[in-house]
Amino acid sequence: MTDIPATAGSADLHRPFATTTAIQTDLDGPVLRIRLGATPEDNTFTVALLDDLLAVLHALHDRPDIRVLLLTGAGDDFNLGAERTEFQTALAHDPTGTALRRMNDKALRVCEALENTHAITIARLHGRVIGAGLALASYCDLRAGADDCRFRMPEVALGLPPAWGGAMGRLIAEAGVSHIRELMLTGENFDAAAAQRLGLLHKVAPRDGLDAAVDSWIRPLLRRAPEALVLTKRMLNGYARAARTAEVGLLDAHLLSAHLGLAQTGQSAPPPAPVPS
Ligand SMILES: C/C(=C\C(=O)SCCNC(=O)CCNC(=O)[C@H](O)C(C)(C)COP(=O)(O)OP(=O)(O)OC[C@H]1O[C@@H](n2cnc3c(N)ncnc32)[C@H](O)[C@@H]1OP(=O)(O)O)CC(=O)O
């Protein structure tokens with residue numbers, strides 16, 4: 001695993017391009033692999049992971065030679081979602097929900113940076129892909145999954161609307177509002193075959209054939225004119241964004257924290273307050 005060298009003379013770029021405590025980077029010519037989590041046990045989303053991912057994505061602006069960005073997970077699962085202790089502690093110490101809102105804003109910046117990077121982004125999914133993990137993957141241009149993938153959006157069961165990364169709109173753009181409504185409201189598990197039918201996975205392969213499936217995308221992508229790919233990606237994202245709503249901005253932090261508190265005590269949430277006229 002090789003760290004990406006810093007651009008000559010740019011000290012600021014050194015840190016973002018290095019393997020950190022939260023992510024592992026590996027540059028292979030024009031392909032940058034980012035493994036979420038430094039060890040196989042690190043498979044939840046922490047603020048440190050968001051910070052490191054954002055730094056790498058920003059640094060990519062200055063590296064047009066990096067043409068493909070591959071996101072993978074560590075260990076048995078791609079990602080188990082937001083680190084529960086971290087977001088529950090954020091709420092416990094700040095019952096107004098501001099800290100949670102700040103975390104979600106950061107997640108939104110990461111997702112938008114992923115959406116806007118010139119590199120073609122590929123999510124390589126395996127094992128469990130839960131909550132924030134699915135949200136992040138939805139922002140990738142292409143998604144390949146092992147046939148053992150299991151997906152779930154458990155936010156509502158935790159007392160929260162699924163707001164992470166503003167992904168509700170992105171998921172709807174990818175899979176359609178009817179399917180996403182069912183998956184978000186019920187929080188039910190779904191497998192790789194279902195994800196492929198919904199358009200959340202473009203390709204499904206056995207776990208030991210997943211790298212070959214991803215490589216079969218990378219080879220032709222590297223033969224295409226970069227300008228044509230970037231413009232096409234921008235145009236496609238324009239259509240996806242048109243379907244997006246400003247759900248993150250609509251969230252009421254007070255309501256959100258009250259709901260999480262109720263979820264923790266096992267009570268049901270009260271009806272929302274009437275909208276003031
Ligand atoms: C809230 C926002 C975004 C989100 O992402 S919400 C989604 C958060 N994720 C979850 O709620 C997943 C919770 N985990 C589970 O449901 C289960 O752990 C599992 C993934 C189905 C695995 O179940 P299993 O029975 O196989 O194993 P364990 O339950 O014993 O878990 C193993 C081990 O992993 C730890 N763990 C799992 N998920 C998390 C997590 N999200 N954060 C922290 N730790 C997690 C679990 O505690 C166990 O650890 P041990 O040390 O072994 O006890 C924001 C928004 O949308 O706005």
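Here is a short briefing on the ligand, its surroundings and the aromatic pairs.

Please keep in mind that this is a predicted model. The ligand sits in the largest pocket, where 21 residues surround it.

**Around the ligand**

- Among the 21 residues of the shell, the closest to the ligand are Leu80, Ala82, Arg84, Ala132 and Arg152.

- A polar backbone atom of Leu80 is 2.9 Å from a nitrogen atom of the ligand.
- The side chain of Asn104 has an N or O atom 3.2 Å from an oxygen atom of the ligand.
- For Ala163, a backbone N or O atom lies 3.2 Å from a ligand oxygen atom.
- On its own the ligand has 1000 Å² of accessible area, and the protein covers 60% of it.
- Helix H2 (84–93) and strand S5 (128–130) are the elements that give two or more residues to the shell around the ligand.

**Aromatic pairs**

- The count of aromatic pairs comes to 2.
- One of them joins Phe45 and Trp164 in a tilted arrangement, with 4.8 Å from centre to centre and 55° between the planes.
- Phe45 lies in the loop between strand S2 (31–36) and helix H1 (47–59), while Trp164 lies in the loop between strand S7 (150–152) and helix H5 (167–175), so the pair ties together parts that are 119 residues apart in sequence.

Notes. Residues numbered from 1 in each chain as written. Predicted model: local features only at pLDDT ≥ 70, side-chain atom pairs only at ≥ 80, totals over all residues. Heavy atoms only, no water. Near = heavy atom within 4 Å. Polar contact = N/O pair within 3.5 Å; in protein donor to acceptor, adjacent residues only side chain to side chain. Areas by Shrake-Rupley, 256 points an atom, 1.4 Å probe, with all protein chains shown as cover. 1 Å grid on protein atoms, 1.4 Å probe; cavity = no way out; pocket = protein on both sides within 12 Å on 5 of 7 lines; lining within 4 Å. Sits in = over half its atoms within 2 Å of the grid points. Helix = DSSP H or I, 4+ residues; strand = E, 2+ residues; numbered from the N terminus. Phe/Tyr/Trp six-rings, centres within 6.5 Å; stacked < 30°, edge-to-face > 60°.
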